[in-house]
Amino acid sequence: MSDQQSMMRRALRFYRCASVFLERYAAPVANLAARLWVARIFWDGGMVKWQSMTSTVALFRYMYHVPVLPPVWAAYIGTGIELVFPILLALGLAGRFAAAFLFFYNIMTVVSYPQMGFAGIMDQVPWGIFLLFTTAYGPGPLSLDAFICRLMGWRQRRAQPQAI
């Protein structure tokens, strides 16, 4: 075996070990960090709305144009969503459902508030990407969903990214 082949095998072995390490330890932490980041954004929005429901109702009456729902209902439902679903997302409890729900809520936010502008819409894009990722791949091993599956002896179904 030549030195070049030996060096190539060592490089491939290192790459494989690094990949396993990242998948086992770094990916769950990154998944948790993304969930916590997005959850905090929605939670903060809900808390601002909750602190002054009179102002929130006025915003929904004059600024946000939620289809179908009366402004008062939309204000209370929107505030409730922004206070409950981030908790589920952060804990990873019904993680895929919470992420999917907030993903569509995020879209509804953009549709309901046309004055948001390009910069505001661009803020929503990474949130949507993280939510879509959690919807597709699940909340990961650092979640209550994973803990419940382990506790019940269930095998957790995880989508695996496919190589291109």
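Author: Buried means a relative accessible area under 20%, exposed means over 50%, and partly exposed is in between. Note that this is a predicted model.

Reader: OK, apply that. Is Thr56 buried or exposed?

Author: Thr56 has a relative accessible area of 3%, which is under 20%, so Thr56 counts as buried.

Reader: Where does Thr56 sit, and what does Thr56 touch?

Author: Thr56 belongs to helix α2. Leaving aside residues up to four places away in sequence, Thr56 touches Lys49, Ala75 and Thr79.

Reader: And Ala58, buried, exposed or in between?

Author: Ala58 is also placed in helix α2. Its relative accessible area is 30%, so Ala58 is partly exposed.

Reader: What's the geometry of α2 against α3?

Author: Their axes come within 8 Å and cross at roughly 120°. That angle makes α2 oblique to α3. The crossing of α2 past α3 is right-handed.

Reader: Which residues make that contact?

Author: From α2, Met53, Thr56, Val57, Phe60 and Arg61. From α3, Pro71, Val72, Ala74, Ala75, Tyr76 and Thr79. By class, the contact of α2 with α3 has eight nonpolar residues, two polar and one charged.

Reader: Now α4 and α5. What angle, and what distance between axes?

Author: α4 and α5 pack at about 155°, with the axes 8 Å apart. Angles over 145 degrees count as roughly antiparallel, and α4 and α5 are therefore roughly antiparallel to each other. α4 passes α5 in a left-handed crossing.

Reader: Who's in the contact there?

Author: On the α4 side, Gly95, Arg96, Ala99, Ala100, Leu102, Phe103, Asn106, Thr109 and Val110. On the α5 side, Ile121, Gln124, Trp127, Gly128, Leu131, Leu132, Thr134, Thr135, Ala136 and Tyr137. The residues of this contact of α4 with α5 divide into 11 nonpolar, seven polar and one charged.

Reader: Change of topic. How many aromatic pairs?

Author: The count is 11 aromatic pairs, going by ring centres within 6.5 Å.

Reader: Take Tyr64 and Tyr113. Why is that pair called edge-to-face?

Author: The ring planes of Tyr64 and Tyr113 are at 85°, with the centres 5.1 Å apart, so the pair is edge-to-face. The cut-off for that label is over 60 degrees.

Reader: Which parts of the chain does the pair tie together?

Author: Tyr64 lies in the loop between α2 (53-62) and α3 (71-91), and Tyr113 in the loop between α4 (95-112) and α5 (117-137), so the pair ties together parts 49 residues apart in sequence. Tyr64 counts as partly exposed at 21% relative accessibility. Tyr113 is partly exposed too, with a relative accessible area of 23%.

Reader: And Phe85 with Phe97, how are the planes set?

Author: The planes of Phe85 and Phe97 are at 50° and the ring centres 5.9 Å apart, so the pair is tilted. Phe85 lies in helix α3 and Phe97 in helix α4, so this pair ties together parts 12 residues apart in sequence. Phe85 counts as buried, at 12% relative accessibility.

Reader: Which residues form an aromatic cluster?

Author: Phe42, Tyr105 and Trp127 form one.

Technical notes:
Residues numbered from 1 in each chain as written. Predicted model: local features only at pLDDT ≥ 70, side-chain atom pairs only at ≥ 80, totals over all residues. Heavy atoms only, no water. Phe/Tyr/Trp six-rings, centres within 6.5 Å; stacked < 30°, edge-to-face > 60°. Helix = DSSP H or I, 4+ residues; strand = E, 2+ residues; numbered from the N terminus. Buried < 20%, exposed > 50% of the residue type's maximum accessible area, 1.4 Å probe, protein only. Axes fitted to C-alpha atoms, helices over the stretch in contact; angles between N-to-C directions. Parallel < 35°, antiparallel > 145°, perpendicular 65-115°, else oblique. Left-handed = near helix turned anticlockwise from the far one by under 90°. Contact = heavy atoms within 4.5 Å. Nonpolar A, V, L, I, M, F, W, Y, C, P; charged D, E, K, R; others polar.
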